[in-house]
Amino acid sequence: TRGVCEQLQSDFNISGFMGKWHLISSIPQSYDTNCPRATAEYTQLHNYIRIVNTCYNEDWVPISSVPG
């Protein structure tokens with residue numbers, strides 16, 4: 001389900017938020033059980049943001065990905 005942002009912070013730079021982020025710590029989720037390393041990748045597509053959460057093993061080999 002797509003959400004709607006009612007009001008964005010006036011000086012928020014969305015392009016600065018795009019890209020791949022390495023998770024340092026997070027609240028445990030069902031998709032990251034037994035996931036020692038993880039990333040979240042944000043991509044702006046027309047009028048929405050695509051988010052892909054990826055789980056990796058200790059050698060940075062992808063185990064699974066979940067779109068969000």
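This tour goes from a surface patch to the aromatic ring pairs of the structure.

The model is predicted, so that local features need pLDDT of at least 70 and side-chain atom pairs count only at pLDDT 80 or more, while totals for chains, interfaces and linings use all residues. Residues are numbered from 1 along each chain as its sequence is written, and side-chain values use heavy atoms, with hydrogens and water left out.

Begin by selecting Phe 12, Phe 17 and Trp 21, which form a nonpolar surface patch with about 280 Å² of accessible area together. A patch takes residues with over 30% relative accessible area and no salt bridge, joining like charges within 9 Å and nonpolar side chains (Val, Leu, Ile, Met, Phe, Trp, Tyr) within 5 Å; a salt bridge is a side-chain nitrogen of Lys or Arg within 4 Å of a carboxyl oxygen of Asp or Glu, and accessible areas come from the Shrake-Rupley method with a 1.4 Å probe, only the protein chains shown counting as cover for residues.

Keep Phe 17 selected, and find it in helix 1 (residues 14-17); helices are DSSP runs (H or I) of at least four residues, numbered from the N terminus. Phe 17 counts as partly exposed because its relative accessibility is 33%, where buried means under 20%, exposed over 50% and partly exposed in between.

Next, turn to the rings, among which a search of the whole structure finds three aromatic pairs. Phe 17 and Trp 21 form a tilted pair, 5.5 Å centre to centre with 40 degrees between the planes; rings of Phe, Tyr and Trp (its six-membered ring) pair if their centres lie within 6.5 Å, with planes under 30 degrees apart counted as stacked, over 60 as edge-to-face and the rest as tilted.

Definitions and conventions: Helix = DSSP H or I, 4+ residues; strand = E, 2+ residues; numbered from the N terminus. Buried < 20%, exposed > 50% of the residue type's maximum accessible area, 1.4 Å probe, protein only.
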